[in-house]
Amino acid sequence: MTDSRPHIAFLGLGLMGAPMTRNLLAAGFPMTLWNRTASKCAPFARDARIAGTPAEAVREADVVITMLENGDVVEQVLVGQGVLEALRPGALVIDMSSVPPSLARRHARLAEARGLGYVDAPVSGGTVGAEQARLSIMAGGSEGDIDRARAVFEALGTCTRIGPVGTGQLAKLANQAIVGITIGAVSEALLLATKGGADPAAVREALLGGFAGSRILELHGQRMIDRAFEPGAPARIQLKDLRMILDEARAESLTLPLAQQTHTLYQSLVADGHGDVDHSGLLLELERLNGARMGAIGRGPRED
C-alpha cells in the first residue's frame with residue numbers, strides 16, 4: 001500500500017464488486033468496504049477496513065465506488081442512507097452500477113451541490129472481466145473528474161470517456177441491447193441446428209471462424225452446450241437492463257422491436273423461476289416454448 005493512493009470506499013461486494021475489490025487491493029489502494037450482507041466483507045477483513053453502514057464507510061474516503069444491483073438501491077444508499085451527506089467536499093463519487101441515465105444525472109446534481117465530483121461508469125465484461133481486471137468501463141462525466149479516476153480505472157480495466165454525465169449509462173444500455181439480443185440469436189441458432197440433427201458444438205466451432213463469430217457465441221454458446229447456467233450475470237439483471245432500454249427508448253420516442261421481444265422472453269424466463277440463472281440461460285425459455293431440449297433432440301443427419 002502506498003500513501004499516495006486515494007482512499008477508496010467500495011459499496012457493494014456482489015458477483016462483480018468482490019473481484020473488483022481484490023484488484024484494487026492488489027494495486028495498493030487503501031480501502032473501506034461495506035455490503036448489505038456483511039458476511040461478504042469477511043474475506044477482505046485482513047486487507048481493508050469493514051464498515052457497518054455506508055455513511056460510516058465513506059467518511060474518510062477520497063473516492064467512493066458504488067457497485068449495486070439497480071438504481072433504486074443506488075438511490076437508497078447515496079441519498080437515503082446518507083452517503084452524499086457524509087462525504088468530505090472534494091471527494092469523487094464513481095457509480096459503476098447500471099442505472100437509468102436520468103438517475104445518474106440527478107445524482108451528479110446532488111453531488112455538485114455538496115462540492116463533490118461525480119462519474120457514472122458502468123462496466124461490461126462480466127465476472128470473468130472483473131476477475132481478470134479486463135472490464136470495459138464506459139464513463140460519463142467531466143474530463144477533470146474522469147482524469148481523477150484514471151488510476152482507479154486502470155486497476156479494473158480500460159476506460160473510455162463517452163461524454164457528459166449520463167452518457168456512460170447510455171453506452172451500457174447499448175451494450176446490454178446487443179448482449180441480450182445476441183444471446184437470443186445464439187440460442188435460436190443452436191436450437192435450430194440441433195433440431196435438424198447437427199452437433200451444436202461443431203456448429204459453434206464453425207461459426208466462430210466466420211462472420212457470425214462473437215464473444216457471445218464463444219462464451220455463452222459454450223455455456224449453452226455445457227448447460228452451465230450458474231450466474232456470471234443473472235437473467236433478472238439482464239431483464240432489468242432491457243426494461244431500462246425500453247424506458248429510455250420511450251423517452252426518446254423510439255421503437256425498438258428486437259429489444260422489446262427479447263425483454264418479453266427474459267420476462268417469461270424470470271417468471272418461470274429462472275431469475276438467478278446466467279443470462280445465457282435464455283435458451284431455457286426457448287426450449288420451454290418449443291417443448292425441446294438442445295443436445296437431446298437431434299434427429300440425426302437428414303437424407304434428402
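This is a predicted model: local features need pLDDT of at least 70, side-chain atom pairs count only at pLDDT 80 or more; totals for chains, interfaces and linings use all residues.
**Loop residues**

Ser-253 also has a positive phi without being a glycine; the value is near 60°. This residue lies in the loop between H11 and H12. Ser-253 counts as exposed, with 71% relative accessibility.

Gly-232 belongs to the loop between helix H10 (215–226) and H11. With 9% relative accessibility, Gly-232 counts as buried. What does Gly-232 touch, leaving out residues up to four places away in sequence? Its contacts are Leu-15, Thr-127, Arg-223 and Asp-278. Met-16 is 216 residues from Gly-232 along the chain, yet their C-alpha atoms are separated by 8.6 Å.

| Helix | Residues | Number of residues | Span, first to last C-alpha | Expected span |
|---|---|---|---|---|
| H5 | 101–113 | 13 residues | 19 Å | 18 Å |
| H12 | 257–274 | 18 residues | 24 Å | 26 Å |

H5 reaches a span close to the expected one. Its buried residues are Pro-101, Leu-103, Ala-104, His-107, Ala-108 and Ala-111. Seen down the axis of H5, these residues fall within an arc of 155°, so they line one face of the helix. An α-helix has 3.6 residues a turn, so residues three or four places apart point the same way. Arg-109 and Ala-113 are exposed, on the face of H5 turned away from its buried side. Gly-115 follows H5 and has a positive phi, near 75°.

H12 also has a span close to the expected value. Ala-259, Thr-262, His-263, Leu-265, Tyr-266 and Leu-269 are its buried residues. They cover an arc of only 165° around the axis, which puts them on the same side of H12. Exposed Pro-257 and Ala-271 are carried by the face turned away from the buried side of H12. The buried residues of H12 pack against H8, H11 and helix H13 (282–290).

**Nonpolar cores**

The largest nonpolar core has 34 residues. Which of them touch the most other members? They are Leu-24, Met-96 and Phe-153. At least two core residues come from each of strand S1 (8–11), helix H1 (17–26), strand S2 (31–34), strand S4 (63–66), strand S5 (92–95), strand S8 (135–140) and helix H7 (143–154). Leaving out residues up to four places away in sequence, Leu-24 touches Ile-8, Phe-10, Phe-29, Met-31, Ile-65, Val-152, Ala-155 and Leu-156. Another core, of 29 residues, lies apart from the largest one. Among its members are Ile-216, Ala-259, Tyr-266 and Leu-269. Ala-259, Tyr-266 and Leu-269 are also among the buried residues of H12.

H11 gives the most, with five residues.

Technical notes: Residues are numbered from 1 along each chain as its sequence is written. Side-chain values use heavy atoms; hydrogens and water are left out. Helices (H or I, at least four residues) and strands (E, at least two) are DSSP runs, numbered from the N terminus. The expected span of a helix is 1.5 Å times one less than its number of residues. Buried means under 20% relative accessible area, exposed over 50%, partly exposed in between (1.4 Å probe, protein chains only). The arc is that of the directions from the helix axis to the C-beta atoms. A nonpolar core is a set of buried Ala, Val, Leu, Ile, Met, Phe, Trp, Tyr and Cys residues joined through side-chain atoms within 4.5 Å. Contact means heavy atoms within 4.5 Å.
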